[in-house]
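This report examines local packing and contact geometry in one protein model.

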Amino acid sequence: MSGAQYAVVARFDLKPDGVEAFDALAQWRIAQAAANEPGLVGYAVHRIDGEPLARVFYEIYRDEAAFREHRATEQTAEFGRRHVPFVQGPPRVEFMNVLLSANGLAPRP
């Protein structure tokens with residue numbers, strides 16, 4: 001496990017009638033993470049231009065251990081249960097270690 005910051009990108013494809021509820025749930029999840037997860041560096045939900053039913057979560061953690069702590073929270077489990085009716089299927093999730101960055105996210109060479 002690296003000591004460098006750790007990032008996760010998750011893409012959700014929403015059902016047309018689930019957009020409003022999913023966005024409200026995502027807002028709740030971000031607020032919970034910000035208030036309760038000291039290892040969280042940044043957490044944002046994005047809309048994709050030209051794809052109104054797509055949402056992308058971009059999460060940055062202090063390190064991989066902080067991400068594991070995030071995954072173990074009841075709020076993460078609750079989001080996992082509650083988002084299902086609003087999406088077309090499971091999210092596409094990618095796990096990343098910062099390699100290079102212009103703003104100090106990466107370890108110095």
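The model is predicted: local features need pLDDT of at least 70, side-chain atom pairs count only at pLDDT 80 or more, and totals for chains, interfaces and linings use all residues. Residues are numbered from 1 along each chain as its sequence is written, and side-chain values use heavy atoms, with hydrogens and water left out.

**Aromatic pairs**

A pair of aromatic rings is described by the distance of the centres and the angle of the planes. Here, rings of Phe, Tyr and Trp (its six-membered ring) pair if their centres lie within 6.5 Å; planes under 30 degrees apart count as stacked, over 60 as edge-to-face and the rest as tilted. The structure holds 10 aromatic pairs, and two of them are tabulated here.

| Pair | Centre distance | Plane angle | Class |
|---|---|---|---|
| F12 and F79 | 6.0 Å | 85° | edge-to-face |
| F22 and F79 | 6.0 Å | 70° | edge-to-face |

Helices (H or I, at least four residues) and strands (E, at least two) are DSSP runs, numbered from the N terminus. F12 belongs to strand β1 and F79 to helix α3, so their pair ties together parts that are 67 residues apart in sequence. The pair of F22, in helix α1, with F79, in helix α3, likewise links distant parts of the chain, 57 residues apart. Burial is assigned by relative accessible area: buried is under 20%, exposed over 50%, and partly exposed in between (1.4 Å probe, protein chains only). F12 is buried at 5% relative accessibility, F79 is buried at 8%, and F22 is buried at 0%. Ring pairs also join F12, F22, Y43, F57 and F79 into a cluster.

H83 is placed in the loop between α3 and β4. With a relative accessible area of 9%, H83 is buried. A polar contact is a pair of N or O atoms within 3.5 Å; within protein, one must be able to donate a hydrogen and the other to accept it, and residues adjacent in sequence count only if both atoms are side-chain atoms. A polar atom of the H83 side chain lies 2.9 Å from the backbone oxygen of F79. Not counting residues up to four places away in sequence, H83 touches F12, F22 and L25, where contact means heavy atoms within 4.5 Å.

R81, in helix α3, is exposed, with a relative accessible area of 51%. The side chains of R81 and E74 are joined by a polar contact of 2.7 Å. R82 lies over the face of W28, at 5.2 Å from the ring centre; the criterion is NZ of Lys or CZ of Arg within 6 Å of the ring centre and within 35 degrees of the ring normal.

**Helix α2**

Helix α2 spans residues 64–71, and A66, F67 and H70 are buried in it. These residues cover an arc of only 100° around the axis, which puts them on the same side of α2; the arc is that of the directions from the helix axis to the C-beta atoms. The elements against which the buried residues of α2 pack include β1 (6–13), α1 (19–36) and α3 (74–82). D63 caps the N-terminal end of α2, with a side-chain oxygen 3.3 Å from the backbone nitrogen of A65.

**The β2–β3 hairpin**

Strands β2 and β3 pair in the antiparallel sense over eight bridges; pairing requires that DSSP finds at least two bridges between two strands. The two strands form a hairpin with two residues between them, and G50 in the turn has a positive phi of about 80°. Y43 stands opposite E59 in β3.
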